[in-house]
Amino acid sequence: MKVMPYSYRRILFPLLLVFVLSLTGCMSGSGLQDKFSTSVAVIAPSTSITEGQAVILEASISNGANATGTVTFYNGSTAIGTGAVGTSLFSLNGVAQLSTTFSSSGVQSITAKYSGDEFNSSSTSAAISIGVYSNQLATSSVTLQASTTTPQYQTIVTLTAA
């Protein structure tokens, strides 16, 4: 058996040590600096709903690598709830859902903010608008007036509705 000369061992040992330590740092997560860049899109089943009607908002996280974590949904600057990120059978993207109702009518501006995780960066969606309409119907009445109440045969009668 031939033994490696001392001068070779003196050069190879520090190189091997640096290689092993760099792998150890990457494996523990402390050496991993770059994360996958993600993007989030908010999806609503309708852009027009009735006040008090339950609606399921969905956030789709794309470009990530098996995204985990949470998504916080906002109406303007107010947080309205969070959803855990999971995977969908029909998509490779991460998906989070939130069931909510809107208690005031008007246009609601909905965004979603993904928290990020160990491998994926955080991101915020563009806003979508949802029109929320009052569930109270306005009361109305109709009055019908005729120009005459006893018309002659084949004469013109004017009807006015108000």
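Q: Which residues is Thr38 in contact with, leaving aside its neighbours within four places in sequence?

A: Contact means heavy atoms within 4.5 Å. Here Thr38 is in contact with Ile61, Ser62, Asn63, Gly64, Tyr114, Asn120, Ser121, Ser122 and Ser123, leaving aside its neighbours within four places in sequence. Keep in mind that this is a predicted model, where local features need pLDDT of at least 70, side-chain atom pairs count only at pLDDT 80 or more, and totals for chains, interfaces and linings use all residues. Residues are numbered from 1 along each chain as its sequence is written, and side-chain values use heavy atoms, with hydrogens and water left out.

Q: Where does Thr38 lie?

A: Helices (H or I, at least four residues) and strands (E, at least two) are DSSP runs, numbered from the N terminus. Thr38 lies in the loop between helix H1 (6-27) and strand S1 (39-43).

Q: Is Thr38 buried or exposed?

A: Buried means under 20% relative accessible area, exposed over 50%, and partly exposed in between (1.4 Å probe, protein chains only). Thr38 counts as buried because its relative accessibility is 9%.

Q: What does the side chain of Thr38 reach?

A: Look for polar contacts: pairs of N or O atoms within 3.5 Å; within protein, one must be able to donate a hydrogen and the other to accept it, and residues adjacent in sequence count only if both atoms are side-chain atoms. The Thr38 side chain reaches the backbone oxygen of Ser121 at 2.8 Å. Another polar contact, of 2.9 Å, joins the side chains of Thr38 and Ser123.

Q: Which residues have the most contacts inside the largest nonpolar core?

A: In soluble globular proteins, nonpolar side chains tend to be buried together. A nonpolar core is a set of buried Ala, Val, Leu, Ile, Met, Phe, Trp, Tyr and Cys residues joined through side-chain atoms within 4.5 Å. The largest one here has 19 residues, and Ile61, Val71, Phe73, Val85, Ala112 and Tyr114 have the most contacts inside it. Strand S3 (55-62) is one of the elements that give two or more residues to this core, and S3 gives the most, with 4 residues. Not counting residues up to four places away in sequence, Tyr114 touches residues including Thr38, Ile61, Val71 and Val85.

Q: How far apart are Gly131 and Val107 in sequence and in space?

A: Positions separated along the chain can still meet. Gly131, found in strand S10 (residues 128-133), is 24 residues from Val107 in sequence and 4.5 Å from Val107 in space, C-alpha to C-alpha. Gly131 is buried because its relative accessible area is 11%.
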